[in-house]
Amino acid sequence: MKNGKEHGLFYWSLSYHKKFVRTVWMIPIALILIIVLLNSPGFSLLFKTAAIWVLTATLVLQLVYNYFRWKQET
């Protein structure tokens, strides 16, 4: 995938640039999940808060990691 034109179906077969782009595309999905979680009455406030923090932290860490690895690649 040196030329950047190949598309991979699996996340682990992508370059760091493609991983970064795919992670950016996950932001709207994460926001929808957060809204659904906040509006679901079956969970406690503690669970909702913890799930939102874990989801947000994972997404941000993945974005930062893939960005810096992408910049090291180029």
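The radius of gyration used here is taken over C-alpha atoms, and the rule for a globule is 2.2 Å times the number of residues to the power 0.38. By that rule a compact globule of 74 residues would come out near 11 Å, but this protein has 15 Å. Its C-alpha trace spans about 50 × 20 × 15 Å along the principal axes.

A word on the model before we go further. This is a predicted model, in which local features need pLDDT of at least 70 and side-chain atom pairs count only at pLDDT 80 or more, while totals for chains, interfaces and linings use all residues. Residues are numbered from 1 along each chain as its sequence is written, and side-chain values use heavy atoms, with hydrogens and water left out.

Now to the fold. The secondary structure comes to two helices and zero strands, where helices (H or I, at least four residues) and strands (E, at least two) are DSSP runs numbered from the N terminus. Helix H2 covers residues 45–73 and reaches 42 Å from its first C-alpha to its last, close to the 42 Å expected at 1.5 Å a residue; the expected span is 1.5 Å times one less than the number of residues.

Which residues of H2 are buried? They are Lys 48, Ile 52, Leu 59, Leu 63, Asn 66 and Trp 70, with buried meaning under 20% relative accessible area, exposed over 50% and partly exposed in between (1.4 Å probe, protein chains only). An α-helix has 3.6 residues a turn, so residues three or four places apart point the same way. The cover over the buried residues of H2 includes H1.

Thr 23 lets you look at this from the other helix, as it sits in H1 (residues 16–39). Thr 23 counts as buried because its relative accessibility is 2%. Leaving aside residues up to four places away in sequence, Thr 23 touches Tyr 11, Leu 59, Gln 62, Leu 63 and Asn 66, a contact being heavy atoms within 4.5 Å. The side chains of Thr 23 and Gln 62 are also joined by a polar contact of 3.3 Å (a pair of N or O atoms within 3.5 Å; within protein, one must be able to donate a hydrogen and the other to accept it, and residues adjacent in sequence count only if both atoms are side-chain atoms).

Finally, turn to the rings. Ring pairs link Phe 20, Tyr 67, Phe 68 and Trp 70 into a cluster; rings of Phe, Tyr and Trp (its six-membered ring) pair if their centres lie within 6.5 Å, and planes under 30 degrees apart count as stacked, over 60 as edge-to-face and the rest as tilted.
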